[in-house]
Amino acid sequence: MNIKKDCIMEFSFNKLAFNASEKFGVLFLSDTKKLPSFLKSSAKLITETLEMFENFGCKFGEILVTTIEINGEIKRFLFCGTGEVNKLSRVKIQKLGGNIADKLNSLKVCKAAIFIDNEELKDQEDFFIENICEGIKLKNYVFDKYYVDKKDKHKIFLEKINVYSNSLNVEKIFSMREKIINSTHFVRDLVSEPGNVLNPDSFVLVCKDLEKLGVKVKIIDKKSLKELGMNAILAVGQGSDFGTFAILMEWNGDKSPNKNDKPIAFIGKGVTFDTGGINLKPSGPSITMMKYDMGGAAVVTGLIKSLAERKAKINVVGVIGLAENMPSSSAQRPGDVITSMSGQTIEVDNTDAEGRLLLADVMWYAQENFKPKIMIDLATLTGAIVVALGHHNAGIFSNDDDLVKKLHQAGEEVGERVWRLPLDEFYDDLINSNIADVRNVGKGGAGSITAAQFLKRFVQKNCAWAHIDIAGVNWLDDGGDCSPKGATGYGVRLLNEFLIKNYEK
Ligand code: BES
Ligand code: MN
Ligand code: ZN
C-alpha cells in the first residue's frame, strides 16, 4: 500500500546572524518585552513599530505579524509572545510552535527564519528551540493524499525553517525528536486511511515494510491462528472477506541484554473497520468514524518504527491483532460461545464489543511467547471512555502502581496524558456469564472499567500490565495544540518518553 510520505519539513540550525536573505523572521518576546540582543542596530525602529500595536502585550501565545523596513528592505516579522519564561514547560513551548505553524500556513509562508537571542531564554535555549521546532513540525501535517487538485485544498505551505541561535547542540537533540515526530505522522497517516484502503491485508504489508529497518516481523495468518487456538480474534474477523492476522514485530536494539531481561510488550487493537458486526452500529458519525478503530495497532507499529529509526538500545516486542468487524452470514452471532487461546470461554453478548475479544488472544499470545516483564495494550476500546474523560486524557487501567506513575509522568511531559480509573473485584462480578467463564459486556454501567476488567482476566501472574483506552484521544475533530484536525498520532511520543526515561540503555 502506498503510505503517504512524511510532510516535507526541513530544519537547518545556524549560528546567530541577521541573514539579509531571510524574508520572514520569527522573533520571541517575553513579558519583559526586551528585544533579542542581536537586533540592536534596528532596535529603535522595531520598538516603534511594536508600540503602534498597543494591544500586543507579549502574553503567552499572542502573535503579531507586521512588516518593518530594515536597511531599505521590507521584512516581514512574526512576533510571538512567551509570557513569563519561567512558566514555560515543554508542552507550553510546543504549543507556541503549533501556533506559529498555523499562522505561517494561514499566510501561505513556505520558508521562515527563527531568530533566538533573548537574554531571558539564555538558560534554556536548547530546550526552547527543540520544543518550538517540535511544535511546528507536529502541527505542520496534512492528510492530502486523496485530493486530486492539491493546490486548492492544500492547507500546508511551510517547508523550511532556518533557526539562528547561539546554541550548538540543538541539531543533534532535534534529530532524535524528528524521528519520533515522523512516526507520529506515520500513525496519523494510518489512522486517516479509509477502511477500503487500510484493511487487515494491506496493514500486514505496512508492518512487513519495517523489516528494512531491522525489525523482525512475523505474520500469523488465519491458519496459524486456528492452530494456536486463537479463536477469539478469529471470531472478530470471521464475517469479513479480508484476512485476520496477529503480527509480531520485534525490535532488539539492546545487544547485551542481561540473561533475565525480559522484553517490554506493546499490544494494539487493529480493527480496520468496526461496523459493530451483527450488533450493527446505527448509521451516523459513530459508524462512519470507525476506520480509526485500528488506532492502537497503528501506535504500536509507529512506536516500533521510531525505535528502529533511532536505533534505541532496548528490546521491545509489539503484537497487534488485525481484523475487520463485519456483519455477514459467516459473522459471529450474539450469544456465541468461543474458546480463547487462554482456554477461558467467552460468551459474546454483543458483537460490537469486539476489541476485547481480539486483545484477549493477542495479549495471551505475547505472554506465552515472551513472558514480558511489562505489557501495555492500547486500544480504541470504549465509547464510554469519551464520556468519562473527553478528549484530553486517555484512560489507564493497571495492576501496577509504579507502571501507572511512569506512564503518567511521561504523559504530562509530552502532553499525551493518561488518567487512571479503577479495577476491582466488584466490577469483575459484572462480567460473569451464566453459560461461559466470562461475557464480553458488563451488566450495567462502568463501560470502560468492565472492558478493562475483561482484559485483566487475560493477564498472567507477575506481569505488570497497563491498558490504555485511547478512544477519546486518537482523533480530534477540531485538532489539538500540536495536531491538526483529525488523527492525532497520540501514543508514539508518550511511549518513546516512557521508554527513554525509564528503560533505554
Ligand atoms: N470501537 C468501539 C469503541 C469506540 C466507540 C471507539 C466510539 C471510539 C469511539 C468498540 O469496539 C465498541 O463498539 N464498543 C462498544 C462496547 C459496547 C457494545 C459494550 C461501545 O463503546 O459502545
Ligand atoms: Mn465495536
Ligand atoms: Zn471497536
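A pocket is an open set of grid points with protein on both sides within 12 Å along at least five of seven lines. In this predicted model, the second largest pocket holds about 580 Å³ of space. Its lining comprises 26 residues, and those nearest its centre are Tyr141, Val142, Lys155, Pro484 and Lys485. At least two lining residues each come from α2 (90-106) and β19 (486-487), with α2 giving the most, three residues. By class, the lining of the second largest pocket has 10 nonpolar, seven polar and nine charged residues.

The largest pocket contains about 730 Å³ of space and is the space taken by ligand 1. A total of 36 residues line the largest pocket, and Met290, Thr382, Gly383, Ala384 and Ala471 lie nearest its centre. Elements that supply two or more of these lining residues include β9 (264-274), α11 (355-370) and α12 (384-389); α15 gives the most, with three residues. The lining of the largest pocket divides into 12 nonpolar, 15 polar and nine charged residues.

Around ligand 1 there are 16 residues, of which Lys281, Asp293, Asp352, Glu354 and Gly383 come nearest. This shell is made up of five nonpolar, four polar and seven charged residues. An N or O atom in the side chain of Lys281 is 2.8 Å from an oxygen atom of ligand 1, and a polar side-chain atom of Asp352 lies 2.8 Å from an oxygen atom of the ligand. A polar backbone atom of Thr380 is 3.4 Å from a nitrogen atom of ligand 1. Of the 510 Å² of accessible area that ligand 1 has on its own, the protein covers 78%.

Key: Residues are numbered from 1 along each chain as its sequence is written. Chains are lettered from A and ligands numbered from 1 in the order in which they are written. This is a predicted model: local features need pLDDT of at least 70, side-chain atom pairs count only at pLDDT 80 or more; totals for chains, interfaces and linings use all residues. Side-chain values use heavy atoms; hydrogens and water are left out. A residue is near a molecule or strand if one of its heavy atoms lies within 4 Å of it. A polar contact is a pair of N or O atoms within 3.5 Å; within protein, one must be able to donate a hydrogen and the other to accept it, and residues adjacent in sequence count only if both atoms are side-chain atoms. Accessible areas come from the Shrake-Rupley method with a 1.4 Å probe; for residues, only the protein chains shown count as cover. On a 1 Å grid over the protein atoms alone, a cavity is a set of points where a 1.4 Å probe fits but cannot get out, and a pocket is an open set with protein on both sides within 12 Å along at least five of seven lines; lining residues have an atom within 4 Å of a point. A molecule sits in a cavity or pocket if more than half of its atoms lie within 2 Å of its grid points. Ala, Val, Leu, Ile, Met, Phe, Trp, Tyr, Cys and Pro count as nonpolar, Asp, Glu, Lys and Arg as charged, and the others, Gly among them, as polar. Grid points are joined across faces, edges and corners, and a volume is the space filled by probe spheres set on the points. Helices (H or I, at least four residues) and strands (E, at least two) are DSSP runs, numbered from the N terminus.
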